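Q: Take me through this structure, please. Set each term against its cut-off as you go.

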Amino acid sequence: MYSRAYKTIISLPPLLWVGIFLLLPYALMLAHSFWTVRDGFIVHDWTLQNYAKLFQKPIYSQVLFRSMRIAAGVTLLSLLLGYPVAYFMSFHAGIRKDLLYQLVIVPLWVSYLVRGYAWKTILGSEGVLNGFLQYLHITHEPVSFFLYSPFAVVLMLTHIYTPFVFLPLYASLEHIPRNLIEASHDLGATPRATFLRVILPLSLPGLLAGATFAFVLTLGDFLAPQLVGGPSSIMIANIVQSLFGTAYDWPLGAAISVLILVLTISLLFLAERFEKRWSFR
Amino acid sequence: MTAQANATRRAPFLGAYTITVFAFLYLPIVVLILFSFNKDGVGGFPPKHFTLDWYRQLFRDASIWDSFLNSLLVAVAAVVLALTLGLLAALALDRADFPGKSVFRRLVLLPLILPGIITGLSLLMFAVFSGLQLSLVSVFLGHGTALLSVATTELFAGLQKMDRAQEEASLDLGATPWQTFWRITLPNLKLSLIAAGLLIFTLSMDEIAVTFFLIGRDNTLPLEIWARLRRGITPEINAISTLIFFVSVILILIWYRIRTRSIGKEVHELLERP
């Protein structure tokens with residue numbers, strides 16, 4: 001129906017743009033990861049030494065594992081908070097569904113910085129939580145361990161990514177054909193069995209998509225550790241950030257970025273495979 | 001049991017749990033807002049001595065205003081860029097076949113799911129490679145490219161809900177594709193374009209992770225706030241955060257209303273796959 005010229009005009013500009021401003025930059029990142037720094041200059045000698053360094057120096061794997069632990073913690077907590085809420089809204093909220101839905105998407109899109117900053121004011125040693133505890137005479141001195149700990153990072157990022165986990169979960173629960181659930185009840189399954197054998201498996205694609213979001217975005221976060229984390233919760237993206245800044249080793253920083261990129265894409269790929277196999281749509 | 005009864009069956013425990021989660025989501029923001037009116041600053045409990053001083057201080061703060069105007073400039077430009085390219089990309093994904101289409105589809109969406117640091121750094125390397133000075137222009141290119149993902153998914157969703165018969169009729173009756181685009185396609189997508197534009201505007205005004213690596217001498221508002229945070233927290237930042245929060249909420253609710261009108265109440269996913 002559409003002419004060849006029309007199709008070319010609509011596809012060429014976005015293709016070119018994505019090629020120049022997405023694909024080329026990613027390719028440059030990949031190229032940098034095989035280059036090296038000599039006397040403060042980036043030299044285009046192709047080498048694998050950046051990747052070798054990642055495995056040899058324990059500091060990188062330590063921080064990477066810490067980041068993965070924090071990311072796993074955030075993912076788990078976000079699922080624990082998000083799943084029951086999505087379930088409640090999909091099956092029990094009735095006419096309040098739409099209102100509640102809006103109440104979740106507002107924090108989804110509202111400023112990362114505003115929400116992160118809110119936690120900083122709450123958890124600080126002169127912060128609101130300490131003031132509150134002293135007001136109730138539970139503590140008499142300011143407690144300093146709330147802020148500047150991995151705990152604070154997990155708390156803040158769970159707050160930020162719970163809506164991200166909620167959304168695909170809720171969508172997958174809403175897409176479950178209701179007559180399947182009725183059939184399960186009619187055939188004598190207990191509510192518990194219906195949940196475990198019908199609802200949960202059918203919500204797995206959403207669960208995986210949500211978990212992927214939370215895990216990947218936490219893994220690459222460099223702001224939360226600076227805002228509320230302190231030295232004990234430096235994450236892998238902070239190392240990348242310093243390699244691109246004061247430490248000036250772009251190639252090594254690029255190698256870590258490529259690692260994060262590859263991890264992300266494999267997780268997305270897996271989640272998509274699962275979605276194809278499990279989803280009803 | 002009927003589906004209707006099932007849908008509204010009471011679940012007191014789950015209901016209470018849901019309320020707790022909403023409290024977790026909103027309480028920090030409530031606290032932030034409360035303390036923007038507290039004369040004694042952030043911290044200390046309970047807040048007492050109501051004041052608007054921090055807001056007055058904020059409105060006299062020239063560098064906050066400058067950075068706000070920078071953000072506004074970047075956001076408006078990013079909206080125009082992302083909508084233009086996003087509309088074409090959505091049309092292309094909808095009705096053109098070209099080699100590498102499925103790679104293109106995934107690539108466009110990648111910045112939405114990828115940590116900002118990856119997008120930011122790769123564009124930083126691109127800027128150095130191409131000799132582009134870091135400035136508000138590089139920030140704009142970063143926002144436009146990253147938010148192209150949002151524009152494409154939103155407009156593609158709008159396109160799927162469009163009545164195809166009108167376009168077909170227009171082409172059959174002899175209108176050129178160009179005329180059909182301006183008289184049928186674009187007017188039909190008006191609501192989707194406005195909704196996507198609002199969302200992209202909000203996200204660009206708030207963006208920090210990508211901006212971080214592309215910023216030149218002029219700060220955007222989030223980066224100005226970030227720079228101040230390193231020096232410690234002041235109630236003035238509570239005041240500006242409060243304002244950002246309310247403006248964002250209003251824009252997002254308008255976005256949601258318009259979106260519902262244009263593509264229906266269907267729940268949306270973050271990465272609706274075009």
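**Helix packing, burial and contacts**

A: Start with a helix pair across the two chains. The axes of α1(A) and helix α5 (residues 101-113) of chain B come within 11 Å and cross at roughly 55°. This is a predicted model: local features need pLDDT of at least 70, side-chain atom pairs count only at pLDDT 80 or more, and totals for chains, interfaces and linings use all residues. Residues are numbered from 1 along each chain as its sequence is written, while chains are lettered from A and ligands numbered from 1 in the order in which they are written.

Q: Why are α1(A) and α5(B) called oblique to each other?

A: Angles under 35 degrees count as roughly parallel, over 145 as roughly antiparallel, 65 to 115 as roughly perpendicular and the rest as oblique. The angle here is roughly 55°. α1(A) and α5(B) are therefore oblique. Their crossing is left-handed, a term for a near helix turned anticlockwise from the far one by less than a right angle (right-handed if clockwise).

Q: Which residues make the contact of α1(A) with α5(B)?

A: L15(A), V18(A), L22(A) and L23(A) come from α1(A), and F104(B), L107(B) and V108(B) from α5(B). Contact means C-beta atoms, placed from the backbone, within 7 Å. By class the seven residues are nonpolar, with no polar and no charged ones. Nonpolar covers Ala, Val, Leu, Ile, Met, Phe, Trp, Tyr, Cys and Pro; charged covers Asp, Glu, Lys and Arg; the others, Gly among them, are polar.

Q: What does each chain give to the contact between chains A and B?

A: Chain A gives 84 residues and chain B gives 76. Helix α1 (residues 4-32) of chain A gives the most to the chain A side, with 18 residues. That side divides into 58 nonpolar, 18 polar and eight charged residues.

Q: What makes α7(B) and α10(B) roughly antiparallel?

A: The axes of helix α7 (residues 136-160) and helix α10 (residues 190-206) of chain B come within 9 Å and cross at roughly 150°. That angle is over 145, so the pair counts as roughly antiparallel. The crossing is right-handed. Among the residues that meet are L147(B), V150(B) and A151(B) in α7(B), and L199(B), I200(B) and L203(B) in α10(B). By class, this contact has nine nonpolar, four polar and one charged residues.

Q: Which residues touch the most other members of the largest nonpolar core?

A: A82(B) and I200(B), out of 168 residues. Such a core is a set of buried Ala, Val, Leu, Ile, Met, Phe, Trp, Tyr and Cys residues joined through C-beta atoms within 7 Å. Leaving out residues up to four places away in sequence, I200(B) touches A78(B), V79(B), A82(B), L147(B), V150(B) and A151(B).

Q: How do you know that a residue is buried?

A: Count the other C-beta atoms, placed from the backbone, within 10 Å of its own: 20 or more is buried, 12 or fewer is exposed, and in between is partly exposed. In helix α12 (residues 221-229) of chain B, the buried residues are L221(B), P222(B), L223(B), E224(B), I225(B) and W226(B). What covers them includes α5 (112-123) of chain A. Buried residues make up 47% of the 281 residues in chain A. In chain B, 47% of the 274 residues count as buried.

Q: What counts as a helix or a strand, and how many are in chain A?

A: Both are DSSP runs, numbered from the N terminus: helices are H or I with at least four residues, strands E with at least two. Chain A has twelve helices and two strands. Chain B has 13 helices and zero strands.

Methods:
Two residues are in contact if their C-beta atoms, placed from the backbone, lie within 7 Å. Axes are lines fitted to C-alpha atoms, for helices over the stretch in contact, and angles run from 0 to 180 degrees between N-to-C directions.
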